Amino acid sequence: MRDTSETTSLPNQADDVRDTPMPAIPTEAVAIEGARQPSKVTAIPPDQPAALEFERLQLVTRLLVGFLAVGGDELFQWLREFQQEIDSNPSLLPARRQAKDETELELLRYLTIGLLVRGEKAIARGVSRGFRLSANATGWALGTLNRLTDNRLARPFRQRVERRFRDWEQETDLIIREGRREERSGRWLAGQTVNEITNTIMDSLADNPALDDLIQDMIGQQSVGLAGVVMDNTRQVTTTADYVVEGVLRRLLRRPSRQALPPSPLKGKPQEMYQYEDKLDRTVQDDG
Amino acid sequence: MTDEQATQKGERDLLGAYAGFVSRLIAFVIDLLVVTATITTITIVGNFVLDALDNMFGFIPAEAVTSWVMVTIISIVSLGFYLIYFIGLWMMAGQTLGKWVVGVRIVRTNGERMKFRTAVVRLVGYWISAILFLGYLWVLVDNRRQGLHDKLAGTFVVYSWPEDPKHTEILQKRAQRFRERRSSRSQS
């Protein structure tokens with residue numbers, strides 16, 4: 001998960017906003033100077049259900065924007081890393097099949113994929129060229145229009161058009177700023193939401209008695225280790241099952257219970273016959 | 001105090017006692033998993049290596065020959081692994097991986113370690129015991145908890161681990177905490 005410190009340290013964000021738990025959004029804190037204040041998520045009286053619904057919708061939208069932005073960045077980063085890995089080590093790719101084994105359907109599929117990739121490149125080139133041409137044409141048209149309308153007769157019309165253009169420009173600028181601010185708020189919101197969810201999960205896990213027991217055991221017996229505990233548990237369970245199963249079966253078959261039988265001759269003794277080190281030591285000592 | 005009562009109280013002395021059916025069954029299942037997984041891996045790797053050799057040098061001419069060579073090599077390697085796993089580990093440590101996990105060990109009835117001949121007889125006995133599983137089930141009723149293969153080879157299986165008093169203490173503490181929590185919940 002992306003570190004949320006980047007989003008929480010926005011230059012215009014107030015500290016109190018950072019410390020406020022969800023769902024406080026730094027909407028007012030990131031206000032844009034000189035721009036008309038966009039839709040705010042402010043305190044809405046509870047007697048306005050429609051406004052409340054709108055606020056919810058706005059929050060959810062903002063959260064979705066945040067998740068998409070953060071998730072998109074992460075996904076893009078992963079994809080880039082995977083691609084770099086493949087570029088540096090092409091053997092990671094699955095082995096290519098022999099050309100003679102390929103069916104016509106597979107060939108058709110490869111052709112489609114090839115065309116798609118080539119088409120993508122062609123479209124990207126076309127769009128780039130289109131933008132360049134469009135910019136040139138617009139520049140030429142505006143220059144011509146400017147020269148044609150720069151006279152006393154056309155000036156009133158020109159001024160009105162220019163004013164409208166300025167309004168559009170301002171409106172566009174405002175929308176872009178609002179979008180930018182919304183994305184930053186959304187990122188912040190997504191980060192805080194993930195943190196909150198993680199904390200909630202951690203809290204619920206910490207409240208879980210079974211997990212608490214496990215942690216207590218691990219702390220209480222660090223020398224034993226988790227693997228040792230698991231193995232000991234397994235052995236305990238299987239040994240108990242040995243006695244229970246055999247006890248039941250012996251009773252059913254009316255055979256004497258185990259305590260009536262002679263114990264193992266090795267009972268209570270370590271199985272030294274398999275200890276190489278001791279034998280080796282003894283041999284060395286004998287030799288010495 | 002009987003063994004069963006001692007078991008319930010968690011005060012049994014397991015080291016060297018005859019190992020029971022459930023422990024041995026679980027050990028066997030673990031061994032079976034290990035052997036199966038390894039032989040599967042050998043087969044996959046063998047297939048891959050032979051394919052690679054064939055692609056690189058083309059020294060295996062026909063498909064049928066490739067299959068034949070592959071099956072032979074993989075069978076030999078798998079059989080080798082099977083024999084080393086059981087016979088080798090029995091001779092070296094008296095236990096396989098599964099037996100180590102559940103904490104049991106094979107010893108000869110005269111108290112000595114497993115020898116090659118004993119191990120081979122015991123392994124052959126495994127297959128004889130597998131007939132209707134009667135040889136394995138005999139562990140349940142035998143006084144020394146011996147299966148048919150144990151009787152053939154002159155071995156028995158014992159627990160190789162002493163019960164850890166620290167572990168028993170932990171279990172008791174855990175039970176105590178559980179009782180306390182339950183009583184506090186019922187009161188609230």
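Helix 4 of chain A (residues 104-149) has 46 residues and should span 68 Å at 1.5 Å a residue; its end C-alpha atoms lie 64 Å apart, which agrees. The expected span is 1.5 Å times one less than the number of residues. This is a predicted model: local features need pLDDT of at least 70, side-chain atom pairs count only at pLDDT 80 or more, and totals for chains, interfaces and linings use all residues. Residues are numbered from 1 along each chain as its sequence is written, and chains are lettered from A in the order in which they are written.

**Cover on helix 4 of chain A**
- The count of buried residues in this helix is zero.
- Buried means 20 or more other C-beta atoms within 10 Å of a residue's own, with C-beta atoms placed from the backbone.

**Chain B layout**
- Chain B has eight helices and two strands; helices (H or I, at least four residues) and strands (E, at least two) are DSSP runs, numbered from the N terminus.
- Its order is α-α-α-α-β-α-α-α-β-α.
- Of its 188 residues, 27% are buried.

**Strands of chain B**
- Strand 1 (residues 104-108) is largely enclosed by the rest of the structure, because four of its five residues are buried.
- Five bridges join strand 1 to strand 2 (residues 155-159), and the two run antiparallel; pairing requires at least two DSSP bridges.
- B:V107 stands opposite B:F156.

**Nonpolar core**
- The largest core has 23 residues; B:A19, B:V104, B:V157, B:V158 and B:Y159 have the most contacts inside it.
- Helix 2 (21-57), helix 3 (63-93), strand 1 and strand 2 of chain B each supply at least two of its residues.
- A nonpolar core is a set of buried Ala, Val, Leu, Ile, Met, Phe, Trp, Tyr and Cys residues joined through C-beta atoms within 7 Å.

Terms used. A residue is buried if 20 or more other C-beta atoms lie within 10 Å of its own, exposed if 12 or fewer, and partly exposed in between; C-beta atoms are placed from the backbone.
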